[in-house]
There are 2 protein chains.
Amino acid sequence: MTTTQAFGTGLFERHHETLDRAREAIRTRAYFSAYPESASGKVYGETAAAEGKTAFDARLGQPFALDQPATGETVAPERSPYGLALGVRYPVADVDALVASAAAAGERWGRIPVEERVGVALEALARINGRSFEMAHAVMHTTGQSFLMAFQAGGPHAQDRALEAVAYAYDEMSRVPERVIWEKPAKPEPLRIEKTYRVVPRGIDLTIGCSTFPTWNAYPGMFASFVTGNAVIVKPHPQAVLPLAITVEVLQGVLREGGYDPQVVTLAVDTPERPLAKVLAQRPEIALLDYTGSTAFGDWLEQHSSALVYTEKAGVNCVVIDSTDDLDGMARNLAMSLSLYSGQMCTTPQNLFVPKDGILAGGSRLPFDDVVGAVVKALDALLGDPARAAGVLGAIATDATLRRIDEENAKPGLVRKSAAVTNPEFPDARVRSPLVAVVDAADRERFEREAFGPIAFIIRTADTQESLRLATGEARKSGAITAIVHTTDAAVLEQAQRWAQDGKVNLAVNLTGPLLVNQSAAFSDFHVTGGNPAGNASLTDAAFVANRFRVIETRTPIA
Amino acid sequence: MTTTQAFGTGLFERHHETLDRAREAIRTRAYFSAYPESASGKVYGETAAAEGKTAFDARLGQPFALDQPATGETVAPERSPYGLALGVRYPVADVDALVASAAAAGERWGRIPVEERVGVALEALARINGRSFEMAHAVMHTTGQSFLMAFQAGGPHAQDRALEAVAYAYDEMSRVPERVIWEKPAKPEPLRIEKTYRVVPRGIDLTIGCSTFPTWNAYPGMFASFVTGNAVIVKPHPQAVLPLAITVEVLQGVLREGGYDPQVVTLAVDTPERPLAKVLAQRPEIALLDYTGSTAFGDWLEQHSSALVYTEKAGVNCVVIDSTDDLDGMARNLAMSLSLYSGQMCTTPQNLFVPKDGILAGGSRLPFDDVVGAVVKALDALLGDPARAAGVLGAIATDATLRRIDEENAKPGLVRKSAAVTNPEFPDARVRSPLVAVVDAADRERFEREAFGPIAFIIRTADTQESLRLATGEARKSGAITAIVHTTDAAVLEQAQRWAQDGKVNLAVNLTGPLLVNQSAAFSDFHVTGGNPAGNASLTDAAFVANRFRVIETRTPIA
């Protein structure tokens, strides 16, 4: 036990400066990144890239060993959108035994001092960071992201989001002192009470991962629950298991090394034919549930699980184009936002509202069709070179998205058809360019629901007032994760801020340069507001972490 | 608009020192009270007591005017447990119009700067404090509390709990800066983004009050929601309307004076025949719901309302008696805890576990029957003088409790029967002394459910191990709000702390002096842990306030 304590405490000491810097960044919301996003050899070492590739290749076609109860069966549900055969075989979990072992491991884990748990988490993050190249290949070949995006979003950016959640949770746990002497004036002598406050976990956290950003979206909830003393069962999307399997492997490794029970964190792999999410979500031992995925299943979980449920679901993201001083910049920025990872980001804009009489651009009136033309032209320019296009677009993650593209390609109003694009490096990759359709404001059935993937609508409205009204209504009804306004008019900007406030959606203003609305920076940007149907929680705020533990007080009078 | 801003900001300035002291007390959990609990003329002024009585008397038999949509009908559902006719007639709310007006008022209220809202709340609390004598009579004659308890718990202690919630909420809203320039290193030049963060409310809060501590239990939720920008509809218990009606009147007065919409806070009075709680709780406009009351209805609300629901329900509070160095002190302390307000506190102990072979008292073995005898004797001594007994016991609030006492009085194992007690001042008051029954550990049906009121069980167990096991099981199954252990044995104390941790209940150790387990001090004690079935929230922690608002971010690149 002494050894264990020294281990956890030692890790906390080793990493406390990183933690302190993260906490400070949260307070100031200034730029901060603990894990370098540059994939250069100078940062990660000249051999890191090759070693990461080798480590990834060594996984292919092999069983993946984890320390947890299993049925003996294995499954290999993943298929690379780039055409590569993965064939990684994961143990099929014995659900009853898995929940029981998580409960037992969590009971012990919850009694360990806060700093030790935080130390273990920070050490695991440092080790995960050291495996960012292996992780990049794992994310790329499960999600269809380009290598660079998979490296950044699946590696250091996800690690920063995890660190942010750990820092928030540590802050919240540290707000209550461990022991005080409470002294109330009284006669003949003051009342003196010793009070101790102890953080206790809620139970088991079930983290349900998604197919597009398996680490970035799962880490905040799972790390917040882990450091607050809860055991964590990770249920990855069957198409994106490997990134979370590697994560669990690293966490189990640090736990084992420290003499803690490695089954504090376990993996429950399922297949589309034998889904486990509902089964696990309805177990009474599950006290916390973190979910990223479809709205329908997120709504089901919110209603049917007795756990505290934190969701990021789908939204319909809108762009209101009123006027601009930089038409080319606006079009370029939008083209990149629409193309990046083929629109398979929950932050990708879908609906671009443009008044039928056009917009003011650089002080002159630009007809509606020319606004449409500028966006299409910028897309064509961005995607003209096949190698660059492949790097921007990545590959299509799921069959459902491919089908959706085919359906939309056959509908009226198309001004840019989605087409197959060849990836020079991976000839079997399923790559599709973005589709743009012009529709009328009245055609709400077409654009009001989420059309996930490289599908955008330019909606012809009566005027900017109608654009704002429709955008606000959609945020309220269907949810929204991002919003953009392009305007040079102070009054319209104020109305757009009202849209953001009433629709409870984060707003970006006049993006014409390198910042994309898709991007969300740890320690500074809140991802999802939690105030509209796109999700009930935000990454990361105090509400996301403060209810993952409880405080137990002991009062003892002092004679 | 300028006048309004000056008003709210002025109030914030006037009260900010009180707020700062409250925030500091929360951080240190040291003793603090903003509103004096002494009812002496020196503190509140020599005429305050008489003026409060006059103000209360003037309410009797009169209509209660509020600024809100009403049907024109009135109801007078209250009856004093002291036998007094109240006859205060409240407007019957037009639910559709009430919800619509709350939504409209809340939309404007949510756009007002945080400090102004906090200023209005603090001013209202100061005015409520000035009416503590009127409030004491209102609480006394609706709940059956003694005058002194009604003054303290219904007045300054409730006001402190409200201030605590305001301070927590202000802390949480202040954690995010209003505006930052975010600068990320990049080539050829850094990326510079202006980011603003704005607090927005969730919607309408529905606060459902209880019959025993109408202000103390309702204030934290309603004031936290109010300062975070939400409109609040208060639905009092039909037996305890007046204290919350006065509260709403004061809040509306400050709002009106400041030029804000007074209908930000409204009252929805119902009767047992025409209940409104379910109707209101299922309205989609209700985004937050604060509830104190029975477990059955609390469970229903948690399952059926789409709002974020914060509950304090019922629990079975246990005392584990293992050994003591101060038998008389222990017995006196328990007698007072059991008698205070006739056991009608959610914090009152119900089940006292004593080993069948007795306990160690002052180093000698004391037989089981003598432990029972000591408790009964202490009750008789405390309640021997009728005037003192009436002051301690108060009166029985509801018919249901009277019936429960009669039923338990007829069951086996009684060692102290509940009897009617005469209140010299109020001959018609319905006062009952505590009942004590000895039961076997096997007789779980008898003691495992809550027996609300002056009903206690002394449970004969095999040994302290069984006592702790049963107490832990009850906290987990039925919930518990308080727990006491009496022991001189360090090993038993450690096991008791495990009981508290596993049952997620706050523990008091060896209470033999003036501190009662029933008491919970604002700024220092967490009331209800939120971790067992007695409630899903705690008064007050960060989790109780942080999800009552959301943050909307705006990002604007800087050229």
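Tutor: Two residues are in contact if their C-beta atoms, placed from the backbone, lie within 7 Å. Keep that cut-off in mind as we read this structure, which is a predicted model.

Student: How many residues of chain B are in contact with chain A?

Tutor: In this model 49 residues of chain B are in contact with 49 residues of chain A. On the chain B side, the elements that give two or more residues are E3, E4, helix H19 (490–503), E19, H20 and strand E20 (549–557). The largest share of that side, eight residues, comes from E20(B), and by class the side has 22 nonpolar, 13 polar and 14 charged residues.

Student: Which strand of chain A is joined to E20(B), and how do the two run?

Tutor: Strands of a sheet pair through backbone hydrogen bonds, either parallel or antiparallel. Here two bridges join E19(A) to E20(B), and these strands run parallel, with Leu507(A) standing opposite Thr554(B).

Student: What is the order of the strands in the open sheet of 10 strands?

Tutor: The order is E15(A)-E16(A)-E17(A)-E12(A)-E10(A)-E18(A)-E19(A)-E20(B)-E4(B)-E3(B), and the pairing is mixed. Strand E15 (414–416) of chain A and strand E3 (179–184) of chain B stand at the edges, each with a single partner strand, so one side of each is left without a neighbour in the sheet. On average, neighbouring strands of this sheet are turned by 25 degrees against each other, direction ignored. Helix H16 (residues 399–409) of chain A packs on the sheet, where it touches strand E16 (435–440) and E17 of chain A, and its direction makes about 50 degrees with that of E16(A).

Student: How many bridges join E12 to E17 in chain A?

Tutor: Five bridges join strand E12 (residues 351–355) to strand E17 (residues 455–461) of chain A, and the two run parallel. Within this pair, Asn351(A) stands opposite Phe457(A).

Student: Which residues have the most contacts inside the largest nonpolar core?

Tutor: In soluble globular proteins, nonpolar side chains tend to be buried together. In this model the largest nonpolar core has 367 residues, and those with the most contacts inside it are Val166(A) and Val166(B). Leaving aside residues up to four places away in sequence, Val166(A) touches Val118(A), Ala121(A), Leu122(A), Phe223(A) and Val227(A).

Student: What does the radius of gyration say about chain A?

Tutor: With 559 residues, a compact globule would have a radius of gyration near 24 Å, and the 25 Å of chain A agrees with this. Buried residues make up 60% of the 559 residues in chain A, and the chain has 20 helices and 20 strands. Among its contacts with a separation of 6 or more, 75% come from residues 24 or more positions apart.

Student: Where does phi take a positive value in a residue other than glycine?

Tutor: One case is Arg29(A), with phi near 55 degrees, in the loop between helix H1 (2–28) and helix H2 (41–44) of chain A. Arg29(A) counts as buried because it has 21 C-beta neighbours inside 10 Å. Phe523(A) also has a positive phi, near 75 degrees, and is buried, with 26 other C-beta atoms within 10 Å.

Student: Which residues does a cis peptide bond join in chain B?

Tutor: A cis peptide bond joins Lys187(B) and Pro188(B), with omega about 5 degrees, and Pro188(B) lies in the loop between E3 and strand E4 (191–201) of chain B. The peptide bond from Leu539(B) to Thr540(B) is cis as well, with omega near -15 degrees.

Definitions and conventions
Residues numbered from 1 in each chain as written. Chains lettered and ligands numbered in written order. Predicted model: local features only at pLDDT ≥ 70, side-chain atom pairs only at ≥ 80, totals over all residues. Core = buried A, V, L, I, M, F, W, Y, C linked by C-beta atoms within 7 Å. Buried ≥ 20, exposed ≤ 12 C-beta atoms within 10 Å, placed from the backbone. Pairing = 2+ DSSP bridges. Helix = DSSP H or I, 4+ residues; strand = E, 2+ residues; numbered from the N terminus. Axes fitted to C-alpha atoms, helices over the stretch in contact; angles between N-to-C directions. Rg over C-alpha atoms; globule rule 2.2 N^0.38 Å. Nonpolar A, V, L, I, M, F, W, Y, C, P; charged D, E, K, R; others polar.
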